[in-house]
Amino acid sequence: MADVFNWQLGRNMKYPYDAKYPQRQFAAVFNINRCIGCQTCTMACKSTWTFSRGQEYMWWNNVETKPYGGYPQFWDVKILNLLHEAHQHQNKAMRWKKTKNQEGKSPYGEYEGMTVFESVEYEHPENAQSRVLGYLPQDSEWAKPNIHEDTSPAHGLETDRLGFVKKTVRLPEHESFFFYLQRICNHCTYPACLAACPRKAIYKRPEDGVVLIDQERCRGYRKCVEACPYKKAMYNGQTKVTEKCIACYPRLEGKDASITLDGVPIETRCMSACVGKIRLQGLVEMNDEGLWKQDAENPLYVLVHKLQVALPLYPEFGTEPNIYYIPPRWAPRSYLRQMFGPGVDRAIDQYANPTRELLAILQLFRAQREILFKFQIQNGPKLFDREVTLSSGKKAVLEVYDDTVIGYNKVGKECVRVSVQEPVYERPKSHFNSI
Ligand code: SF4
Ligand code: SF4
Ligand code: SF4
Ligand code: F3S
């Protein structure tokens, strides 16, 4: 195994192949706080890519209700259990050590546990031939994509004999909670699916980091399905080969025949259909060390690296996923920390008390079809201020300004201009009640 650097873990880790980084990386930020669970993204993907025979249970984009929902069922609990068992076997802990974040190399500290690549030899004997710790879900586990939708557990709630909550809920945590988790393939920097395939049928594109399965080379071995810790490689029983999210690459290439926007990259189907405006997509520049190139004008760079308001899902798996999440404000922090790592409190504080820059960038989510490569802010007047409580219990003053944010596409053309305060338009009297 080669030694590669994983900045999400703040350390080098073992991976079956030498590091090779794309020029740009497909990435996105999903704001969990805004998702309404409408599944429009899910249907946008399905109606575009997975409506054929053999794809009936195939949902490249899915939105599951946490903590109970999952597609395939209990994917997170199952892989975490395997990882936990491997750590017990080695008398190790899945712990994070606090370290200084030097030049973006360890923003969340250093992960002291093992990844799915490093722990494989310590798990069950049947994994002896595997390169990645994982499991193959049963058919039944794929059969109910939205099981437990909108199911809320009582988190330490005291109820009376009729089930009514005895005491009132106090923020910043709701004691009864659920939230939606939007999931697509993470187009990982160190894909577990690619590492596991004995046919070398999976590759990562050098131009945009998109991870694809060569449908001609694939022989249906399903080691990729077993290995992907996020379970985003899916076997097609009809064609007998495996498929996965292709990041709507014709759109990234600016070649989607249905949209003519001068050949510039445009957002994927699931992103551009999002009703809740929770998604912001990008193609971020990488350097030779596998780090994001510093770019204070790129909205994704600011969200992920500068402000650290958006976090990777289960970074300890070690694949360096490229979909980032703004964690939900009111869910129990312990639950969120096991999901997004030690950066949760900082991220939620940033979101609860946003800087002018963050508030402006949040307006860019789903405001245009082109992928943004740059943004600029024009200062506006102050609207109001308000006291907010941070994770530590300390108070802070949130000041809101009516700034305007301008987004630019790949060729530097302005493609969106939005302000923090939404303008109000009054229907003219001549068209009053015209419906
Ligand atoms: Fe592969 Fe899974 Fe990562 Fe997608 S999420 S690139 S399928 S390991
Ligand atoms: Fe489907 Fe495209 Fe979204 Fe991937 S990026 S989940 S292929 S719509
Ligand atoms: Fe959530 Fe947007 Fe998908 Fe609706 S379309 S479920 S708001 S991510
Ligand atoms: Fe390889 Fe997965 Fe096909 S392991 S052969 S890409 S099913």
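Reply: Two strands pair if DSSP finds at least two bridges between them. Strands themselves are DSSP runs of E with at least two residues, helices are runs of H or I with at least four residues, and both are numbered from the N terminus. In this structure, 4 strands form an open sheet of mixed pairing, in the order β12-β3-β14-β13. Its edge strands are β12 (279-285) and β13 (311-312), each of which pairs on one side only.

Me: Before we continue, what kind of model is this, and how are its parts numbered?

Reply: This is a predicted model, in which local features need pLDDT of at least 70 and side-chain atom pairs count only at pLDDT 80 or more, whereas totals for chains, interfaces and linings use all residues. Residues are numbered from 1 along each chain as its sequence is written, while chains are lettered from A and ligands numbered from 1 in the order in which they are written.

Me: How many bridges join β3 to β12?

Reply: Strand β3 (residues 24-31) is joined to β12 by 7 bridges, and the two run antiparallel. Within this pair, F30 stands opposite R279 in β12.

Me: Which strands make up the open sheet with antiparallel pairing?

Reply: That sheet has 3 strands, in the order β15-β18-β19. β15 (374-378) and β19 (414-419) stand at its edges with a single partner strand each, so one side of each lacks a neighbour in the sheet. On average, neighbouring strands here are turned by 20° against each other, direction ignored; the axes are lines fitted to C-alpha atoms, for helices over the stretch in contact, and angles run from 0 to 180 degrees between N-to-C directions. β15 pairs with strand β18 (residues 404-408) over 5 bridges in the antiparallel sense, and Q378 stands opposite T404 in β18.

Me: Which residue takes a positive phi in the hairpin of β1 and β2?

Reply: G10 does, with phi near 70°, in a hairpin that has 4 residues between the strands. Strand β1 (residues 2-6) and strand β2 (residues 11-15) run antiparallel and are joined by 5 bridges, with V4 opposite M13 in β2.

Me: How should I read backbone angles elsewhere?

Reply: Most residues other than glycine have a negative phi, and most peptide bonds are trans. K231, in the loop between α5 and β10 (233-236), has a positive phi near 55°. Y314, in the loop between β13 and β14 (323-326), has a positive phi near 45°. As for cis peptide bonds, one joins K66 and P67, with omega about 15°, and another runs from Y71 to P72, with omega near -5°. P67 is in the loop between β4 (62-66) and α2 (75-89), and P72 is found in the loop between β4 and α2 as well.

Me: Why does K231 count as buried?

Reply: A residue is buried if 20 or more other C-beta atoms lie within 10 Å of its own, exposed if 12 or fewer, and partly exposed in between, with C-beta atoms placed from the backbone. K231 counts as buried because it has 26 C-beta neighbours inside 10 Å. Y314 has 21 such neighbours inside 10 Å and therefore counts as buried. T40 has 16 inside 10 Å, so it counts as partly exposed.

Me: Where is T40, and with which residues is it in contact?

Reply: Two residues are in contact if their C-beta atoms, placed from the backbone, lie within 7 Å. T40 is in helix α1 and, leaving aside neighbours within four places in sequence, is in contact with A273, C274 and V275.

Me: Which residues come nearest to ligand 2?

Reply: A residue is near a molecule or strand if its C-beta atom, placed from the backbone, lies within 6 Å of it. Of the 13 residues around ligand 2, the nearest are C45, C245, C248, T268 and C270. α1 (40-49) and α7 (269-272) are the elements that give two or more residues to this shell, and the largest share, 3 residues, comes from α1.

Me: Which residues are closest to ligand 4?

Reply: Ligand 4 is surrounded by 15 residues, of which C197, C218, K223, C224 and T242 are the closest. Two or more residues of this shell come from each of α5 (223-227) and β11 (241-244).
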